[in-house]
Amino acid sequence: MAAAAIRIDDLVFRWRPDAAPAVKLAKLTVDAGKSLFLHGPSGAGKSTLLNLLGGVLLPERGRIEVLGQVLGDLPAARRDAFRADHLGFVFQQFNLLPWLSALDNVLLPCRFSRRRAQRAGEPDAAARRLLAALDLDAAAHGAPAGELSVGQQQRVAAARALIGRPEIVIADEPTSALDAARQDAFIDLLLGEAKAAGSTVVFVSHDLRLAAHFDEKLALTVGADA
Ligand SMILES: Nc1ncnc2c1ncn2[C@@H]1O[C@H](COP(=O)(O)OP(=O)(O)OP(=O)(O)O)[C@@H](O)[C@H]1O
Ligand SMILES: [Mg+2]
């Protein structure tokens, strides 16, 4: 039996006590090495769920287990360390440091996590290999991230999520960044690299057309009362 990378039970999260739940999810299991496509309209709680999976937010009710660890059982500092060691994030707005080069942005997780640095082997070479594998020209590796195109920034953000082979890669797709053909190519590259590293992938998008790339699918709805 495959081990579960992610296991969620009876999850409820609200941003305010008097608000409707932003996320309500009875059950979700993602086996290690599989990819999950998470979709739903704007405001459905996709980014909120990703932050719950990363232990950035804690649920009001229910249980989130990541790699056998119940996130709510860890104090905040240990949750931060767990996230840095085991999860790679591609944020919806990328969150690159604009004044740092593409290469130095990719290397950031290796500065925050010794485990990621060790698993990267020689981090500089690993970062360059990932950027090249994700189709970023070598000429752009030294450019400040803030001067790259949106598509190039997405590649840098993906390489940063993948470096040091985290067990889980979480990607929140930018809503309007790329045309369809480039988005398909990007997903193939991301999934190919994640598979080579044995990583489990959770990928968010509005675009249902992309679902075919993934092993599992989950729809979230606004209001979360389903
Ligand atoms: N920091 C926050 N404080 C209060 N409410 C928030 C916060 N972030 C999100 N919300 C609310 O939670 C709900 C879900 O938002 P979320 O960002 O998770 O949606 P989403 O599915 O990622 O949407 P999009 O596709 O537009 O990125 C929305 O009603 C939103 O207003
Ligand atoms: Mg979002």
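User: Is arginine 165 buried, partly exposed or exposed?
Analyst: The classes follow from relative accessible area, with buried meaning under 20%, exposed over 50% and partly exposed in between (1.4 Å probe, protein chains only). Arginine 165 has a relative accessible area of 37%, so this residue counts as partly exposed.

User: What kind of model is this, and which atoms do the side-chain values use?
Analyst: This is a predicted model, in which local features need pLDDT of at least 70 and side-chain atom pairs count only at pLDDT 80 or more, whereas totals for chains, interfaces and linings use all residues.

User: Where does arginine 165 lie, and how far is its C-alpha from that of glycine 88?
Analyst: Helices (H or I, at least four residues) and strands (E, at least two) are DSSP runs, numbered from the N terminus. On that basis arginine 165 belongs to the loop between α6 (150–162) and β7. Although 77 residues separate arginine 165 and glycine 88 along the chain, the distance between their C-alpha atoms is 8.3 Å.

User: In which strand is isoleucine 170 found, and what is its relative accessible area?
Analyst: Isoleucine 170 is part of strand β7 (residues 168–172). Its C-alpha is 9.6 Å from that of leucine 36, a residue 134 positions apart in sequence. Isoleucine 170 counts as buried because its relative accessible area is 0%.

User: Why is helix α1 described as largely enclosed, and which of its residues are buried?
Analyst: Helix α1 covers residues 46–53, and six of its eight residues are buried, so the helix is largely enclosed by the rest of the structure. After α1 comes glycine 55, with a positive phi near 70°. The buried residues of α1 are Lys46, Thr48, Leu49, Leu50, Leu52 and Leu53.

User: At what distances do serine 42, glycine 45 and histidine 206 approach oxygen atoms of ligand 1, and how much of the ligand does the protein bury?
Analyst: A polar contact is a pair of N or O atoms within 3.5 Å; within protein, one must be able to donate a hydrogen and the other to accept it, and residues adjacent in sequence count only if both atoms are side-chain atoms. A polar side-chain atom of serine 42 is 2.5 Å from a ligand oxygen, a polar backbone atom of glycine 45 is 3.0 Å from one, and an N or O atom in the side chain of histidine 206 is 2.9 Å from one. By the Shrake-Rupley method with a 1.4 Å probe, ligand 1 taken alone exposes 640 Å², of which the protein buries 58%.

User: Where does glutamate 65 sit, and which side chain does its own side chain contact?
Analyst: Glutamate 65 is in strand β4 (residues 61–66), and its relative accessible area of 16% makes it buried. Its side chain makes a polar contact of 2.9 Å with the side chain of arginine 63.

User: What phi do aspartate 10 and leucine 67 have?
Analyst: Most residues other than glycine have a negative phi. Aspartate 10 lies in strand β1 (residues 4–13) and is partly exposed at 39%, while leucine 67 lies in the loop between β4 and β5 and is partly exposed at 32%. Neither is a glycine, yet the phi of aspartate 10 is positive at about 55°, and leucine 67 has a positive phi of about 55°.

Notes. Residues numbered from 1 in each chain as written. Chains lettered and ligands numbered in written order. Heavy atoms only, no water.
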